[in-house]
Amino acid sequence: PLPVSIRDLRPTNKETIEIEEINSEEPIRNKNLVSNISNFSYKDLSRLLREECGIHLLIGGAGSGKTQMLQATTKAWSMPHVADEELSIVHTTLSCRKYTEYLVEKETPPEDEDAFEQWIKQSELNSNHPPEPDSSDEEEWAEYQRKCARINLKNTIETLENYIFDNYIRHLPNTTSKDTPLRMLKEAQPSIALFVDGLDEISNEYRNRILTQLNLLVEKNPQHRVLIASRPIQTPEQFQPELQTLIQLMELPKNWPSKDSLNLHQADSSLQIEGWPNGLQRTPLAWMLVRATQDKTSEGASEAEILDQYLDDCMEAALDRKKPPHSKKEMWGILRRTALWHSELGLREFCEIPEGFDDKDSVTVWNDTTLWAYLHMQILQEVSGWRISGFEHMTVAEETYQFSHRRIQEYLASQSFNRLEDFFEWFDHKKLQNPDWCWPVVRDVSLRLNAREEIIEYLQSLDEDILGHREGLINFLKGEN
């Protein structure tokens with residue numbers, strides 16, 4: 001269980017209350033403005049979704065445990081059963097990254113001329129728009145536009161519904177025919193519990209589109225439940241009007257895990273960290289890193305020292321297990337460049353060929369290194385992969401790797417720079433305008449090189465853009481946002 005703060009977007013009173021743990025006989029949503037709960041588990045989150053329809057937002061920073069809580073909540077959700085009203089809800093996951101791929105491929109015209117003409121005809125057929133008016137009468141054209149708007153709205157919702165149902169059916173056993181249950185789902189239009197992950201890992205354009213579609217989905221059927229897990233992001237009016245609660249994962253208490261969080265009469269004090277490092281955000285990931293390195297780091301070690309030690313331990317343990325295909329220095333360089341490149345792209349999944357690996361020998365070295373790191377280190381994991389067409393450098397292998405945690409990727413990316421001069425040469429307005437992926441790298445560089453003031457001074461010499469990214473990054477480095 002983790003500490004959370006639940007903000008109700010439709011409270012009946014304006015109180016802020018403190019709760020040790022959820023009473024199983026009382027509803028999770030108590031209609032207070034804010035409920036600070038010390039021990040909140042995935043079981044509580046699952047119950048909240050059963051009790052409350054609409055959209056719920058689970059927010060947490062790097063390493064806060066939001067993805068693990070989302071996955072545990074998904075697994076705890078019972079399979080649907082038509083004979084039980086409480087189990088009649090279809091639950092499935094939605095990867096924002098993969099759904100974005102689906103939208104791009106659906107909307108990107110083919111390059112072949114004949115295929116393009118066929119694509120245009122099919123698009124016009126699928127749109128179901130009525131024929132344009134023959135006259136220039138303003139009222140007729142206004143009515144035509146209203147009809148098109150209603151049809152576009154219907155098509156938008158159907159696009160998301162079809163993807164959700166197709167994704168659900170895809171996970172049925174291979175021995176099961178997919179056509180019949182898919183047709184039955186589309187006809188029945190059941191209530192859906194949708195678990196959405198990776199909203200902060202896609203561009204603002206598709207982020208806003210997906211939020212709009214989710215709102216429309218819930219407006220169409222108010223019995224739907226949607227749980228979105230994300231890092232803190234700029235979330236304007238797109239979350240309204242269907243957002244019900246905002247669940248913020250809070251910093252761990254210094255005595256975590258306590259006997260209450262473990263549901264024990266007495267906590268195992270050996271699991272607790274005696275003296276958290278100053279300036280280190282207390283998260284489950286940080287707890288794991290500190291415990292793994294506490295015998296090798298200095299008292300009051302910084303986050304940079306802890307991460308350095310953890311990565312060194314991963315490498316040394318791997319070297320003990322298997323002889324590396326290349327020198328340790330060369331492999332570290334490849335992993336750091338790979339992390340930096342994918343942070344620039346806003347990707348966790350590895351591209352087929354990162355920038356700079358443009359000949360056969362260097363590609364072989366990169367493949368050797370990533371395979372060895374996946375097999376013998378703890379920082380890479382295999383993923384199914386995805387592919388977006390129509391975008392340069394956005395192709396990902398069908399079976400590929402990603403860093404085991406985005407926080408590891410960010411810190412590795414920062415290790416690409418051992419001198420401020422190299423960092424300033426890399427940094428430009430494109431990185432400045434990428435708060436989700438590049439700002440954490442900038443912060444880690446400032447911590448590693450103890451150069452926060454120098455970087456802030458450099459940022460102050462740049463021109464501000466219309467969205468205030470320069471001032472935003474300066475405040476981010478100061479820990480003010």
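Hi everyone, let me begin with a term: buried means under 20% relative accessible area, exposed means over 50%, and partly exposed is in between, with a 1.4 Å probe and protein chains only. Helices (H or I, at least four residues) and strands (E, at least two) are DSSP runs, numbered from the N terminus.

Two housekeeping notes. This is a predicted model, where local features need pLDDT of at least 70 and side-chain atom pairs count only at pLDDT 80 or more, while totals for chains, interfaces and linings use all residues. Residues are numbered from 1 along each chain as its sequence is written, and side-chain values use heavy atoms, leaving out hydrogens and water.

Now to helix α3. Its buried residues are C96, R97, Y99, T100, E101, L103 and V104.

On to salt bridges (a side-chain nitrogen of Lys or Arg within 4 Å of a carboxyl oxygen of Asp or Glu). The structure holds 17 of these salt bridges. One pairs E52 with R29, with the closest N and O atoms 3.1 Å apart. E52 sits in the loop between α1 and β4, and R29 in the loop between β2 and β3, so the pair ties together parts 23 residues apart in sequence. E52 counts as buried at 17% relative accessibility, and R29 counts as buried at 8%.

What about R47 and E51? Their side chains meet in a salt bridge, 2.7 Å from N to O. They are four residues apart in helix α1, so about one helical turn separates them. E51 is partly exposed, at 32%.

Finally, a network of salt bridges links D200, E303, R406, R407, E410, R443 and D444. Within it, D444 is buried, with a relative accessible area of 0%. Thanks, all!
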